[in-house]
Amino acid sequence: MKIQRIRGLIEKESYYFYTHCLIEAKKDDVGPEDILYCLLTGKIIEAYPERKRVLVYSTMPNGIPLHIVCDLSQKGILAIVTCYIPDKKEWIKYQKRKR
């Protein structure tokens, strides 16, 4: 699974948010526009091929990191399952892997 596929589906407006995602985002003061921005600028850091899901990492325009789980099991449609601000340990682990 490639990030270009996710970006293409967003550009075609062929996506939807799980209600769970929007609830979790609101708890962290993250808006749908932040999630879309991160999907357009982020990178896949984990793949779950058996479920056709990926974990995308990016930083929001305000510099805060965001993780987003996407489901690509429906042909031609991106389901945005959930998002969360990673805890500091997770953030540090990712930064070390980037080097």
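These legends describe close-up views of a predicted model. Local features need pLDDT of at least 70, side-chain atom pairs count only at pLDDT 80 or more, and totals for chains, interfaces and linings use all residues. Residues are numbered from 1 along each chain as its sequence is written, and side-chain values use heavy atoms, with hydrogens and water left out.

**View 1. An open sheet of five strands.** The strand order is β1-β5-β4-β3-β2, with mixed pairing. The edge strands, β1 (15-17) and β2, each pair on one side only. Twist averages 30° from one strand to the next. Strands (E, at least two residues) and helices (H or I, at least four) are DSSP runs, numbered from the N terminus. Two strands pair if DSSP finds at least two bridges between them.

**View 2. The β2-β3 hairpin.** Strands β2 (residues 43-48) and β3 (residues 53-59) run antiparallel, joined by five bridges. E46 stands opposite L55 of β3. Four residues lie between the strands, and K52 in the turn has a positive phi of about 55°.

**View 3. The β4-β5 pair.** Five bridges link β4 (residues 65-71) to β5 (residues 78-84) in the antiparallel sense. V69 has T82 in β5 as its bridge partner.

**View 4. Packing of α1 on α3.** Helix α1 (residues 3-11) and helix α3 (residues 32-41) pack at about 140°, with axes 8 Å apart. Axes are lines fitted to C-alpha atoms, for helices over the stretch in contact; angles run from 0 to 180 degrees between N-to-C directions. The contact (heavy atoms within 4.5 Å) includes I3, I6 and I10 of α1 and L36, L39 and L40 of α3.
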